[in-house]
Amino acid sequence: MVSTVIRYFIFVLFSLTVRVKSQFCNGIAQYNRCSPNSACACFHIAGAIDIGICTDEFVDCSELVTCERSNNICSEPNHRCVYHPRCHNLPVCYSVPSFNRQLCPPIETMNTTTTSTIPTTTTTQQLFYPLRGTSVDIHPNARWQQNGITVTGGNGNGNGINQISSSWGLYVDDDQTIYVADTANHRIVEWKWGATSGQVVAGGNGQGSGDHQLSSPLDMIVDKESDSLIISDYANRRVVRWSRRNGTSGETIISNIHCMGLTMDENGSLYVVDNGKDEVRRYRRGESQGIVVAGGNGRGNHLNQLSSPRYVFVDQDHSVYVSDFGNDRVMKWMEGAKQGIVVAGDQGRGNGLAQLSSCQGVVVDQLGTVYVADWGNDRIMRWSKGATQGSVIVGGNGKGGQSNQLNWPFGLSFDRDGNLYVVDHGNDRVQKFNIESNK
């Protein structure tokens, strides 16, 4: 039976190639870029494992119809049965035009070696954009809907599968799966797109220091290369790696660190905030010591210091952005710099547009615009590159639990479309604010 299915799938792939001249995107995450044409993205083929079609990303969801459920086949010519979770929970028939390979050519790079004078051409698997960032160029005047949608929790404080408790960090995967550091429940919870309840993917075995336990986890990311979660296990003073394949226990990769926020660059280097030493350290793959890339000069408010840093973001130039909680500012440390520069706040604690109050999550878009969770003011602020004051993009309507309010916002993330996600700590929920106008 298995061999029959495999032969059938190979036949389908072959026939698809002949009919629509498709470009496959093997090993590329759902919706990730797969072509120099930024309008093209990878859509995973229904029934395939980690194989997709690189094609035009933009289509009206109302135009899509579900595939035939018995065999995932589309009757219309030049259509392919793919997953499109933004539009539908079931596989849908997506148009892949006959000129698709010309529309979405593969990404090519020129590599030369010392043993040959002839350049060779290879195909890049995917383009990197910073974790928690977005592949969309966000206009400086972009707007988000002011009423958020609860996508995680929102069912009161508790430890049920549809609840979170005093959560801190979050990570949004390419398919809009949300991972939340469910801090008070000592677990990491995964919420699939559109789900009404979550699934425990790390911890959840009571508070403790065993390999199968967590203690007040504050942040986590997904490491695609090892298909694992990397978790800031704060109260245990360790960073752990937890496999997504058979996640029954974790492996300690960094010890003796007051770890808070963390992130990773395209080389797989891990950046971890050490709140106890008021610094950010970078660990290359396999390293256990790392080097200081921000702070590390004692607690203070000088440009070479930090005070109780919380979250970290690393851009494509390897510049490090840190939410400097105790100094009510966001700092940028360029790669190799001995001191940082202020990119938001640093005008004293307050609620003015030039001020922040105990800032938490920080994300930076491709234009260098800084987005920061202004914890003490229950709002999310945007600071354009070089600006002396920011603007409120969501929240700022007083502390509360209405859809246009926040209550101690912590973690912050974009998805690849520019929609904004906020951990609404005091309301035990994650709010999604859809991008409304990108101009």
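Mentor: Let's start at Ile73, which lies in the loop between β2 (52-56) and β3 (79-82). Keep in mind that you are looking at a predicted model. Is Ile73 buried, exposed or something in between? Its relative accessible area is 25%, and because buried means under 20% and exposed over 50%, Ile73 counts as partly exposed. If you look for Val92, you will find it 19 residues from Ile73 in sequence, with 9.4 Å between their C-alpha atoms.

Two helices and 32 strands make up its secondary structure. Take the contacts between residues at least 6 apart in sequence: 50% of these join residues at least 24 apart. The accessible surface is about 19,000 Å², and carbon and sulfur atoms account for 49% of that.

Strand β31 covers residues 429-433, and five of its five residues are buried, so the rest of the structure largely encloses it. Both of its faces are covered: Arg429, Gln431 and Phe433 are buried on one side, and Val430 and Lys432 are buried on the other. Which strands pair with β31? Strand β8 (residues 149-153) runs antiparallel to β31 and is joined to it by four bridges; here Gly153 stands opposite Arg429. Strand β30 (residues 420-424) also pairs with β31 in the antiparallel sense, over five bridges, and Val422 has Gln431 as its bridge partner in β31. Between β30 and β31 the hairpin has four residues, and Asp428 takes a positive phi near 50 degrees there.

The protein has 11 aromatic pairs. Tyr31 and Phe43 form an edge-to-face one, with 5.7 Å from centre to centre and 85 degrees between the planes. Tyr31 belongs to the loop between α1 (2-20) and β1 (40-44), while Phe43 is in strand β1, so this pair links distant parts of the chain, 12 residues apart. Tyr31 is buried at 0% relative accessibility, and Phe43 is buried at 1%.

Elsewhere, Trp168, Phe325, Trp375, Trp408 and Phe410 come together in one aromatic cluster.

Conventions. Residues numbered from 1 in each chain as written. Predicted model: local features only at pLDDT ≥ 70, side-chain atom pairs only at ≥ 80, totals over all residues. Heavy atoms only, no water. Contact = heavy atoms within 4.5 Å. Areas by Shrake-Rupley, 256 points an atom, 1.4 Å probe, with all protein chains shown as cover. Buried < 20%, exposed > 50% of the residue type's maximum accessible area, 1.4 Å probe, protein only. Pairing = 2+ DSSP bridges. Phe/Tyr/Trp six-rings, centres within 6.5 Å; stacked < 30°, edge-to-face > 60°.
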